[in-house]
Amino acid sequence: MALKKDKYNQIVREYDNRQLKNKHELDMRRKEVFEAVPELKQLEHDMISLSAQCGRLAVMGDSSSLDKLKTQSLDLQARQIELLVSNGYPADYLELRYHCDTCKDTGFVDGEKCNCYKQAVADLLYSDSNLKNILLHENFNYFSFQYYSDDYIDDVLGVSPLTNIQKIVAGCKSYIKNFDKNKDNLLFMGNTGVGKTFLCNCIAKELLDKGYTVIYLTAFRLFDILEKYKFGRDTESSIDASNQFSYILDCDLLIIDDLGTEMNNTFTTSQLYLIINERMLREKSTIISTNLSYEDINSKYGERIYSRVISKYSIRRIIGKDIRKIKAFNNI
Ligand SMILES: [Zn+2]
């Protein structure tokens, strides 16, 4: 996928900055421990000179001396860890720490783009729907069961809203755990304000943290992108839309929030079918949230989409009161 040059440069800069930051932080840690435990400074000096000697011997092909030096080097490393730990530092305190351990903040693994790089591209392309700030507060740590009542039993589901949401949250956690294996799709149904978007965000956060690529779009925004992609001429925004389109089909998880709030027409219906179908063929998971009932989905999007969703998505119906209203009423 061709990314425009300025955007590509922006990402490369971001990776350069990460590496510089890692290096700077390591320098700060070194300064700190060398002041506290001077022997560690001498030890590092010895390790560097030993490694230079190893390099020379390797070039000369002197393998028996090389083996000896390697053993010495391991002894020094062990001593370093011992000193760090006995002085109350973590064993890896003098190692570089990475934002992404998989690619060591280079963006690539064996010449292939790392998932963190793909997500960086997605974040850039979708900067106006960037999840990062939202996810600081909308994640499982902040999920509260207090908004779900245990006072009545729902006629259809046969459980209270609280029992229902507890089951759903447990199911979401297992969805995350088995994400790679199951390639499952979810449909969150329920009235406005019962916590569908919040749950979508909880899942997004966990999967992003695990290194998967996740794109969150409201249905309105999704179809806006698709329209630009389909009908846009060769303008800057249509090039962006074309990149965005590839990601919509290819990201590990696509979240379509609030399906049914977009302007519905034959274009949106055909595009929705394409996305649902194509992602299934590619074995990529999708989560859809909607206020619509089964009948609404059928009448709005037609039999083809309806039957796909009913048969291929695990349905999670959330019941309860409008949390936004409860919060506003109680001034939370
Ligand atoms: Zn990475």
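A crossing of two helices is called left-handed if the near helix is turned anticlockwise from the far one by less than a right angle, and right-handed if clockwise. Helix H11 passes helix H12 in a left-handed crossing. The model is predicted: local features need pLDDT of at least 70, side-chain atom pairs count only at pLDDT 80 or more, and totals for chains, interfaces and linings use all residues. Residues are numbered from 1 along each chain as its sequence is written.

H11 spans residues 266-281 and H12 residues 294-312. Helices (H or I, at least four residues) are DSSP runs, numbered from the N terminus. The axes of H11 and H12 are 10 Å apart, and the packing angle is about 30 degrees. Axes are lines fitted to C-alpha atoms over the stretch in contact, and angles run from 0 to 180 degrees between N-to-C directions. H11 and H12 are therefore roughly parallel to each other (angles under 35 degrees; over 145 is roughly antiparallel, 65 to 115 roughly perpendicular and the rest oblique). On H11, the contact is made by Thr-269, Leu-272, Tyr-273, Ile-276, Asn-277 and Met-280. H12 contributes Tyr-301, Gly-302, Arg-304, Ile-305, Arg-308 and Lys-312. Residues are in contact if their C-beta atoms, placed from the backbone, lie within 7 Å. By class, the contact has 6 nonpolar, 3 polar and 3 charged residues. Ala, Val, Leu, Ile, Met, Phe, Trp, Tyr, Cys and Pro count as nonpolar, Asp, Glu, Lys and Arg as charged, and the others, Gly among them, as polar.

Helices H6 (residues 161-177) and H8 (residues 196-209) form another pair. Their axes come within 10 Å and cross at roughly 30 degrees. H6 and H8 are therefore roughly parallel to each other. The crossing of H6 past H8 is right-handed. Cys-172, Tyr-175 and Ile-176 of H6 meet Leu-199, Cys-202, Ile-203, Glu-206 and Leu-207 of H8. This contact of H6 with H8 has 7 nonpolar, no polar and 1 charged residues.

H1 (residues 5-36) and H4 (residues 115-125) cross at roughly 130 degrees, with axes that come within 11 Å. That angle makes H1 oblique to H4. H1 passes H4 in a right-handed crossing. Lys-7, Gln-10, Ile-11 and Glu-14 of H1 make the contact with Ala-120, Val-121 and Leu-124 of H4. The classes here are 4 nonpolar, 1 polar and 2 charged residues.

Helix H3 (residues 63-86) has 24 residues. H3 reaches 34 Å from its first C-alpha to its last, close to the 34 Å expected at 1.5 Å a residue (1.5 Å times one less than the number of residues). Just after H3, Gly-88 takes a positive phi of about 85 degrees.

The chain is divided into domain 1 (5-105) and domain 2 (126-330), with bounds from an automatic or database domain assignment. Their C-alpha centres lie 44 Å apart.

How values were computed:
Helix = DSSP H or I, 4+ residues; strand = E, 2+ residues; numbered from the N terminus. Contact = placed C-beta atoms within 7 Å.
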